[in-house]
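Hi,

Here is the structure I said I would pass on. Have a look at it first, and my notes follow below.

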Amino acid sequence: MPWTRRGRPRAAGAAVAAVLLGSVLTAPTAGAAPAEPSGGRLTDLVNPFIGSQNDGNTYPGAAVPFGMVQLSPDTGHTTGYDYDDTHIRGFSSVHLSGVGCGLGGDLPILPTTGDVTETDYAKYAAAYTHHGESARPGSYRVRLTSYGGITTELTATARTGRQRYTFPATDQANVLLNAGQSLHKTVSTRVEVLDSRTVRTAITGRGFCQDTRPYTVYTLTRFNRPFTAYGTWRGDTVTPGSRDSTAPGRHGAYVRFDTRKDRVVEATTALSYVDPAGAARNLRAEGGSSFARTRAAADAAWERRLGLVRVRGGDHTLRRTFYSALYRSFLAPNIGGDVDGRYTGWDQRPHRARGFTYYQNWSLWDTYRTQTQLLSLLAPREARDMALSVLRVDKEGGWLPKWGYGTVETNIMTGDPVTPFLTNAHRQGLLAGHEEEAYAALRKNADGVPPAASPSVGREANPAYLKRGYVPYLKGRPHAKPGDSDFDHGASATLEYALSDAMLAQMARDLGHRADAARFAQRALNYRNLFDRSTGFFRARDGSGAFTGPADPARSEGFHEGTAWQYQWLVPQDLPGMLALIGGREKGTARLDSFFAYPQLLADPARTAREVWVNGPYDYDNADKYNPQNEPDLTAPYTYLSTGHPWKTTDVVHAALTLFTDAPSGMTGNDDLGTMSAWMVLSSLGVYPVQPGTNTWGLSTPVFDRVDMTLDRRYYPSGHFTVTAPGTSSTDRYIQSVRLDGAPRDRTYLTTAELRAGHELAFSVGREPSRWGTGDRAAPPPVGTPAALASAARQ
């Protein structure tokens, strides 16, 4: 297209630009109030119900940052809570934000009244309405309309969940503890009424999307007053007065209170993944405070965490959406160890963490792209411990994880996500003293496969990949182990392996392993082996090396949860090389414009985002458009930084931000343990990790006038970093210039070293695109390729 003086194609004028972002970003008014309510709290801005509708699969219940316990209602939805359901089956202690399959839901507890006759929680479930429901960080409240009306309140500490029930006046106020029904498969359970105030359980379960090895969670629940009666059930048989029962299937206990004089009953449930003694210690350490004090402490913990980022500008809805996303970004991974440091390793034996906190729950295929980097920035101490915990998985379980839940591997998703997770930790300076340990584990993973006896699949296609330079797509091949198989998704697995090889090449170079660095760098170019010149797209190859599946890239096969259109941009290690394959930057820009429906986006960004781009969290196939609701495309908008059109990155990112709203349906797809939420946070800040696994942060226009981040001085000596973009709005959104600590910069990216040494990143914005960021050396350079290593050696 012909260019105007300011570098904008004439087809897109300022009048069209004015509509971009719609209601999500509005121009600030004169004298606008600061982002946080005057004298108020940031926790007041969080809406835990966002994502609880349309399969966002979030939960609204009580948790503290990274807590072991997530005490939340289960309504019958696969993953726990759905805003459209009308009954609550129980308040269970384990949930993960935004997972796509049933997981957790251990020990649903429900208050009832009257005789206990039903033991299936689908039958004794209590009705409720949203008018009687509220939630905020660290607490949840609902009035159950069944059983005469019972108000339930929830709060939590790291390892305990606290419940407070306000019953009607009755001598048959019950609390049902259901050990035998969860969101996963229940293998076996044990329930023991220990005394007149205490119930203990052991729940062994398995399964997430597919089968897994079993794991056990131990619980201890203590009430604030004695029972007047109790009993247990097995199947449909309820036995009053029974203290102990062990069985598979539907299995639990009830306890009863007389609430005619005192209507309030409180209970605290402690968890341990080690043993009953661990649950008891956790209860003694964290369960002694009152409900009100526990709730206040949880709120204070969230206020401190959210206070790491303070924004100015934008409207109230945008701030609520932003802080809600920031809140969800801190929900996982989760503490896996007890107060004494003991935890169950992946060898199913007890171990003790010394000098760090042990974490678990690793949705790595998702989180390595966004949430990992956000935690490295805002929670580096926890991020360090998380990386050390992953190394313990290798040490004790024999192999690095792919998608780990609790104490077991699920093998869900494909590729090699643990490598960019750990190389990111290395590049962010979080593995000091453990670099060689991490490198040895990553090298083993990159060059081999787990033994047959191991539950892990690792890079199961490595023998074929190392021999041929690609993972063959073997449709219908029997799975050697439960979970997903890289052979079912040979094309995308090849791209993910190559990305990981690039990041490992860079780490090998950093540590002086030159031969390894050269070897991995050569493998980083294996993405080229999938390029089909007859179609101009990546394409799966079969066992004989022939391209296979439909030639139409929108209907391609062999790509995990996506198509060739969506995966063509997953080459962050070498975007110049990828663009050369398809004919250069101009043709790359044209293809990006088609992918994002760019002309339509400029005319109506919100409608394009909702109606033209792929929508629906499980709508993966037969698409030639951007899918903002799934992980493979998360970095795609930033590809424009490498084609010399950085303003188009802003256009697409800001249009995608319209999908995040302050409503139960305001999530783009499954949140996947904070992945989508972290995308929203980072993209709103204008600083995004464009090369997962290393220390490169791409730039786009922030949506706030000012952002002040408080950073950990151990890793960021200044202790703070400020991003400013005065006047940013739906009309004035184009970067005119950028200054880092007053020095002009034309590059479209920062490194972590620059961020760590800096104090202020200042954007100047306007109504038309400028030439900022369009120079030949403005784009993020390749990393971990032979050319990148050679360039680094010359510097």
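I began with Glu561, whose side chain makes a polar contact of 3.4 Å with the side chain of Tyr620. Bear in mind while you read that this is a predicted model.

Glu561 sits in the loop between strand 27 (537-538) and helix 14 (564-567). Is Glu561 buried or exposed? Its relative accessibility is 18%, and the cut-off for buried is under 20%, so Glu561 counts as buried. Setting aside neighbours within four places in sequence, Glu561 is in contact with several residues, including Trp365, Met413, Asn630 and Pro632. Asp621 is 60 residues away from Glu561 along the chain, yet their C-alpha atoms are separated by 7.1 Å.

Last, a pair of helices. Helix 10 (residues 435-447) and helix 12 (residues 490-510) have axes that come within 11 Å and cross at roughly 140°, and the two are therefore oblique to each other. Their crossing is left-handed. On the helix 12 side the contact is made by Leu504, Met507 and Ala508, while helix 10 contributes residues including Tyr439, Leu442 and Arg443.

Cheers

Notes:
Residues numbered from 1 in each chain as written. Predicted model: local features only at pLDDT ≥ 70, side-chain atom pairs only at ≥ 80, totals over all residues. Heavy atoms only, no water. Helix = DSSP H or I, 4+ residues; strand = E, 2+ residues; numbered from the N terminus. Buried < 20%, exposed > 50% of the residue type's maximum accessible area, 1.4 Å probe, protein only. Contact = heavy atoms within 4.5 Å. Polar contact = N/O pair within 3.5 Å; in protein donor to acceptor, adjacent residues only side chain to side chain. Axes fitted to C-alpha atoms, helices over the stretch in contact; angles between N-to-C directions. Parallel < 35°, antiparallel > 145°, perpendicular 65-115°, else oblique. Left-handed = near helix turned anticlockwise from the far one by under 90°.
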